[in-house]
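Please open the structure in your viewer and keep the selection tool at hand. The tour moves from one selection to the next, and at each stop it says what is there.

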Amino acid sequence: PVILRLSSVTKTYTNGCHALLDVNLEVKEKEFLFITGPSGSGKSTLLKLLYGEELATEGEVIVDQFNMASLRGDRLSLLRRRIGIVFQDYKLIRQRTVAENITFVLQAQGYTRKEIQRRLEPTLKLVGLLSKADCFPDQLSGGEQQRVSIARAIVATPPLLLADEPTGNLDPDNSWQIMQILQKLNSFGATVIVTTHDEQLVRKCNHPVVQVRNGQLYRK
Ligand code: ADP
Ligand code: ADP
């Protein structure tokens, strides 16, 4: 089964910049897909179309059976709950502890305290941060902060995980740790899409690669 599909999608920003030009992409459930390409080639734009941060100018974007063109309000929130998102700059809340950063989304979504507690520990364990639950982001290394942001993205067990340059600020060792966590999540059944310009990292993993160049997609 297909979890998302882009059909003849063009994204033109209001300033006239064509970030994506007539692209097609189909991703199957439980697939692990790399999206590579130089800076400014359209990788982030592609992900933004998938989580509803930008709308396609032309063409159709279907994610988890939702048509993104007509998705607003409650239904967009509903889809976002089925998508975990990881950013290059972590986007953690500095005034909140690791545990609070991870459980914040669950609280907002009305999970009970018991259910939140039930989910927190295995999630912390998975990213190797059980001992850091009560630390604040500033007390953690970059690699640890990225692992917190992954924990936050997956604590509600979304079937789709999108990571936009998740290793962009990390050294090779930390990057590899992050990749191993993402691959483990994929082995548990999540569909994972990772953008990166780190060719070496891509080569170390045996996953399909789509390259973005000049707003076009190329299967490698
Ligand atoms: P990448 O993630 O590969 O670095 P982006 O998707 O961020 O690439 O950008 C693709 C192109 O779209 C670039 O030329 C960039 O300048 C342009 N772009 C991205 N976001 C915007 C925006 N909000 N407004 C105008 N142009 C944008
Ligand atoms: P809404 O914008 O409709 O209130 P949410 O409350 O679901 O939607 O999400 C608010 C913001 O939190 C989103 O813009 C998104 O960037 C972020 N977010 C939501 N869910 C997740 C998640 N599972 N992982 C990472 N970030 C998320």
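Which polar backbone atom is 3.1 Å from an oxygen atom of ligand 1? To find out, select ligand 1 and look along the backbone beside it: the atom belongs to Ser41. Please keep in mind during the whole tour that this is a predicted model.

**First stop: ligand 1**

Now select the residues around ligand 1, which are Tyr13, Asn15, Cys17, Ala19, Pro38, Ser39, Gly40, Ser41, Gly42, Lys43, Ser44 and Thr45. If you colour this shell by class, you will find 4 nonpolar, 7 polar and 1 charged residues. Helix α1, which covers residues 43-50, gives the largest share of the shell, with 3 residues.

Next, show the side chains of Thr45 and Tyr13. An N or O atom in the side chain of Thr45 is 2.5 Å from an oxygen atom of ligand 1, while an N or O atom in the side chain of Tyr13 is 3.5 Å from a nitrogen atom of this ligand. On its own, ligand 1 has 560 Å² of accessible area, and the protein covers 64% of that area.

**Second stop: ligand 2**

Move on to ligand 2, which sits in the largest pocket. Two elements each give two or more residues to the shell around this ligand, namely α2 (73-80) and β6 (83-87), and of the elements it is β6 that gives the most, with 3 residues.

Select the shell itself, and you will have Ser77, Arg80, Ile83, Gly84, Ile85 and Ala153; by class, these divide into 3 nonpolar, 2 polar and 1 charged residues.

Ligand 2 has 540 Å² of accessible area on its own, of which the protein covers 60%.

**Last stop: the annotated domain**

Finally, select residues 4-220, the stretch that an unreviewed UniProt entry annotates as "domain: ABC transporter".

How values were computed: Residues are numbered from 1 along each chain as its sequence is written. Chains are lettered from A and ligands numbered from 1 in the order in which they are written. This is a predicted model: local features need pLDDT of at least 70, side-chain atom pairs count only at pLDDT 80 or more; totals for chains, interfaces and linings use all residues. Side-chain values use heavy atoms; hydrogens and water are left out. UniProt positions are given in the numbering used here, feature names are shortened, and annotations may be inferred rather than shown by experiment. A residue is near a molecule or strand if one of its heavy atoms lies within 4 Å of it. Accessible areas come from the Shrake-Rupley method with a 1.4 Å probe; for residues, only the protein chains shown count as cover. On a 1 Å grid over the protein atoms alone, a cavity is a set of points where a 1.4 Å probe fits but cannot get out, and a pocket is an open set with protein on both sides within 12 Å along at least five of seven lines; lining residues have an atom within 4 Å of a point. A molecule sits in a cavity or pocket if more than half of its atoms lie within 2 Å of its grid points. Helices (H or I, at least four residues) and strands (E, at least two) are DSSP runs, numbered from the N terminus. Ala, Val, Leu, Ile, Met, Phe, Trp, Tyr, Cys and Pro count as nonpolar, Asp, Glu, Lys and Arg as charged, and the others, Gly among them, as polar. A polar contact is a pair of N or O atoms within 3.5 Å; within protein, one must be able to donate a hydrogen and the other to accept it, and residues adjacent in sequence count only if both atoms are side-chain atoms.
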